[in-house]
Amino acid sequence: MAYFNELFSGTKSLFVGLGITIKEFFKPVVTVQYPHETIPMSARFRGHIELVPDPETGGTKCIVCGMCQKACPSGCITVDGEKREGVKGKVLTLYRLDFTKCSLCGMCVESCKPEAITFSKDYNLAGPSREAYVFDLVKRLEEQR
Amino acid sequence: MNNELIRLLAFLVGIIAFAALNAAYLVWVERKGAAHFQRRIGPKEVGPYGLLQPLADGVKLMTKQLLLPDGVDPILFKIAPIMLLVPAVMSFVTIPFGEHLAARDIDMGLLMIFAFASVNVLGLLIGAWGSANKYAVIAAARVISQNIAYEIPMLLTAIALVMATSTMNLNEIVSQQGGGIWHWNLIRLTFTASPLTPIAFLIFFTTMLAETNRAPFDMAEAESELVAGAFTEYAGMGFGVFFMGEYANIVIGAALTTVLFLGGWQSPLPFLPSSVLWFLIKMYAIIFTVVWIRWTYPRTQFYVLLNLSWKILIPISLANLIVTAGWLKVF
């Protein structure tokens with residue numbers, strides 16, 4: 001009798017399995033057809049850092065304090081600025097990120113008082129050489145404008 | 001005589017074209033089916049809905065070199081894919097696609113199909129043995145014992161059916177199932193067939209899956225355990241022909257199930273005209289079910305597979321045979 005019980009319950013479970021898969025068959029697809037369509041990255045996605053544009057001037061919010069450069073454990077940030085006539089504080093002339101060494105720890109973003117840098121949402125990164133990953137973020141900001 | 005020759009030639013070309021077209025497009029069906037069962041899209045880049053994908057695959061396979069690895073038996077290695085394909089194509093000869101659409105209306109049609117169906121295992125064995133590869137030989141050993149185990153219940157259910165129909169002519173078997181869905185051998189509501197035919201159908205379908213080496217019984221390929229099983233050493237069109245043979249076997253299995261249990265070309269309702277269309281609808285429904293089953297169940301372990309045959313399928317099909325015999329005697 002146990003033989004037949006097992007047989008019936010086994011056969012039944014096979015049909016239950018078939019029922020589940022056929023339901024999935026008629027549900028809409030969930031995959032994103034990547035090169036043709038992309039989904040927006042989530043708010044906390046960490047790409048390489050970029051400069052935040054100042055909503056008033058469109059320029060950078062950076063005050064060239066150099067805190068990010070000091071905070072970076074890999075030493076991949078180089079910041080330089082200069083004094084200009086009639087402008088209070090320093091003006092950013094160079095913000096270089098060596099992304100080959102960056103580990104996306106976010107110490108720079110955390111240490112930035114004026115919140116001048118943030119994580120970008122870039123993930124389509126490909127390049128022919130190492131040098132392609134040394135980003136000039138000032139130029140990048142200007143290109144974005 | 002001349003007319004007969006032309007007719008046979010037309011059928012020959014038609015059958016080979018049908019087998020090849022099915023083999024190509026079943027790959028597409030398989031991939032699309034697999035994708036949708038996993039809620040993906042599947043092939044979509046080559047042509048609309050990926051419909052030109054089989055063409056691209058075929059061109060790719062044909063442009064590849066026919067590699068003959070060191071240590072293989074050159075004759076056996078080359079003959080094996082053909083040994084798998086030819087019996088499958090041969091079996092199409094007796095399949096009645098429509099009332100007058102069979103290449104040869106042989107009285108022993110069922111017997112002939114079973115005779116040829118057992119040859120394709122030999123093709124697999126020869127290919128695996130000839131390729132001098134441990135994975136291939138293990139796969140071949142598994143396939144042989146699997147096919148021996150599953151041929152018995154398959155033949156037993158077929159014999160029970162033949163006792164009820166008292167003919168082995170496939171066209172005759174289909175003709176007897178005319179007049180609506182309740183006359184099909186699957187759920188025959190007359191006293192001329194045993195009440196156990198639904199169970200016989202399940203057994204036949206299961207053994208058909210095993211005989212055609214389909215998941216969950218795909219011991220011949222077992223890609224996660226045995227690289228590519230018996231096909232490991234094959235490249236290019238050698239592999240392509242093997243695959244065509246496999247898919248042609250699936251078509252034969254589905255066609256045979258349609259003929260024996262689902263009324264072949266008979267329409268499901270008496271007032272609808274019977275035609276070859278019904279045959280194709282039923283056959284492709286079965287093929288879809290085969291794909292559906294593949295993407296539902298994981299591959300069985302080998303000893304579970306043999307236990308299923310020897311402990312469950314064979315006793316039940318024997319019981320089915322005895323009950324059918326008794327039923328036919330009484331009524």
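In chain B, helix α3 (residues 74–91) packs against helix α4 (residues 109–117) at an angle of about 170 degrees, their axes 9 Å apart. That makes α3(B) roughly antiparallel to α4(B), a label for angles over 145 degrees, with under 35 being roughly parallel, 65 to 115 roughly perpendicular and the rest oblique. This is a predicted model, where local features need pLDDT of at least 70, side-chain atom pairs count only at pLDDT 80 or more, and totals for chains, interfaces and linings use all residues. Residues are numbered from 1 along each chain as its sequence is written, while chains are lettered from A and ligands numbered from 1 in the order in which they are written.

**The α3–α4 contact in chain B**

- On the α3(B) side you'll find B:P87, B:M90 and B:S91, which meet B:I113, B:F116 and B:A117 in α4(B); contact here takes C-beta atoms, placed from the backbone, within 7 Å.
- By residue type, that contact splits into five nonpolar, one polar and no charged (Ala, Val, Leu, Ile, Met, Phe, Trp, Tyr, Cys and Pro are nonpolar, Asp, Glu, Lys and Arg charged, and the others, Gly among them, polar).
- The axes are lines fitted to C-alpha atoms over the stretch in contact, and angles run from 0 to 180 degrees between N-to-C directions.

**Chain B as a whole**

- Chain B has 11 helices and zero strands, taken as DSSP runs numbered from the N terminus (helices are H or I, at least four residues; strands are E, at least two).
- The radius of gyration of chain B is 20 Å, close to the 20 Å that the globule rule gives for 331 residues, so chain B is as compact as a globular protein of that length. The radius is taken over C-alpha atoms, and the rule is 2.2 Å times the number of residues to the power 0.38.
- Its C-alpha trace spans about 65 × 50 × 45 Å along the principal axes.
- Of the 331 residues of chain B, 44% count as buried, that is, with 20 or more other C-beta atoms (placed from the backbone) within 10 Å of their own; 12 or fewer is exposed, in between is partly exposed.
- Take the contacts in chain B between residues at least 6 apart in sequence: 78% of them join residues at least 24 apart.

- Most residues other than glycine have a negative phi.
- A:V64 has a positive phi near 55 degrees, and sits in the loop between β1 (49–51) and α2 (67–71) of chain A. A:V64 is buried, with 20 other C-beta atoms within 10 Å.
- B:Y49 also has a positive phi, about 55 degrees, in the loop between α1 (2–37) and α2 (53–63) of chain B. B:Y49 is partly exposed, with 13 other C-beta atoms within 10 Å.

Conventions. Two residues are in contact if their C-beta atoms, placed from the backbone, lie within 7 Å.
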